[in-house]
Amino acid sequence: MSISDPVADMLTKIRNAGMAKHEKVDIPASKLKLEIVKILKTEGYIKNFKKANQDGMSVIRVFLRYDEQAGSIIHGIEKVSKPGRRVYTGYKNMPRVFNGYGTLIVSTSIGVTTGKKAAEKKVGGEVICTVW
């Protein structure tokens, strides 16, 4: 079975693993997914990640992060731009997630970055997802 939106599938796997209190989750690897996971790591939403080979396939193993009450650090993660409706924004109209408490992930001409960094560098692009 083919997946029409691999990034949405990755976000769903991370969301479900967090709700089920799993320590880690394996995701089929791609360059875009790896860049999104790097942003999740730098913003502090996940503990760590590593690329691994599993049965001849390249996967990204994401280690999830939890707070003191064993609740997931990721309270919500949503795909914004979908295959049927792509969402683009300029740097002047960059949306904010929960008044700045969340993170917006944007695919720009300088690469995949957060909404804050894209606005600072004055580049717009496709809004991939929001995390809070």
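Predicted model: local features only at pLDDT ≥ 70, side-chain atom pairs only at ≥ 80, totals over all residues.
**Exercise 1. The largest pocket**

Which strand and which helix each supply at least two residues of the lining of the largest pocket? Describe the pocket and its lining.

*Solution.* Residues are numbered from 1 along each chain as its sequence is written, and side-chain values use heavy atoms, with hydrogens and water left out.

Step 1. Helices (H or I, at least four residues) and strands (E, at least two) are DSSP runs, numbered from the N terminus. A pocket is found on a 1 Å grid over the protein atoms alone: it is an open set of points where a 1.4 Å probe fits, with protein on both sides within 12 Å along at least five of seven lines. Lining residues have an atom within 4 Å of a point.

Step 2. Name the suppliers. They are strand 6 and helix 3 (115-120). Helix 3 gives the largest share, four residues.

Step 3. Get the volume. It is about 260 Å³, taken as the space filled by probe spheres set on the points, with grid points joined across faces, edges and corners.

Step 4. Read the lining. There are 16 lining residues; Gly102, Thr103, Leu104, Gly115 and Lys116 lie nearest the centre. By class, seven are nonpolar, five polar and four charged. Here Ala, Val, Leu, Ile, Met, Phe, Trp, Tyr, Cys and Pro count as nonpolar, Asp, Glu, Lys and Arg as charged, and the others, Gly among them, as polar.

**Exercise 2. Strand 6 and its partners**

With which strands does strand 6 pair, and in which sense?

*Solution.* Step 1. Apply the pairing test: two strands pair if DSSP finds at least two bridges between them. Strand 6 pairs with strand 8 (residues 125-131) in the antiparallel sense over six bridges. Strand 6 also pairs with strand 7 (residues 111-114), again antiparallel, over four bridges.

Step 1. Val106 faces Val127 in strand 8. In strand 7, Val106 stands opposite Thr113.

Step 2. Check burial (buried is under 20% relative accessible area, exposed over 50%, partly exposed in between; 1.4 Å probe, protein chains only). In strand 6 (residues 103-108), five of six residues are buried.

Step 3. Turn to Thr130 in strand 8. Thr130 has a relative accessible area of 13%, so it is buried. Contact means heavy atoms within 4.5 Å. Not counting residues up to four places away in sequence, Thr130 touches Gly76, Ile77, Glu78, Val80, Val97, Thr103 and Leu104.

**Exercise 3. The open sheet**

What is the strand order of the open three-stranded sheet? Work out its edges, pairings and covering helices.

*Solution.* Step 1. The order is 1-3-2, with antiparallel pairing. Strand 1 (24-28) and strand 2 (46-54) are the edges; each has a single partner strand, so one side of each lacks a neighbour in the sheet. The twist averages 25 degrees from one strand to the next. Axes are lines fitted to C-alpha atoms, for helices over the stretch in contact, and angles run from 0 to 180 degrees between N-to-C directions.

Step 1. Count bridges. Strand 2 and strand 3 (residues 57-64) share eight. Lys51 is partnered by Ile60 in strand 3. Strand 1 and strand 3 share five. Asp26 is partnered by Arg61 in strand 3.

Step 2. Helix 1 (residues 6-19) lies across strand 1 and strand 3, at about 170 degrees to strand 1. Helix 2 (residues 31-42) packs on the sheet and touches strand 1, strand 2 and strand 3, at about 155 degrees to strand 2.

Step 3. Val25 and Ile27 are on the covered face; Lys24, Asp26 and Pro28 are on the uncovered one. In a regular strand the side chains alternate between the two faces of the sheet.
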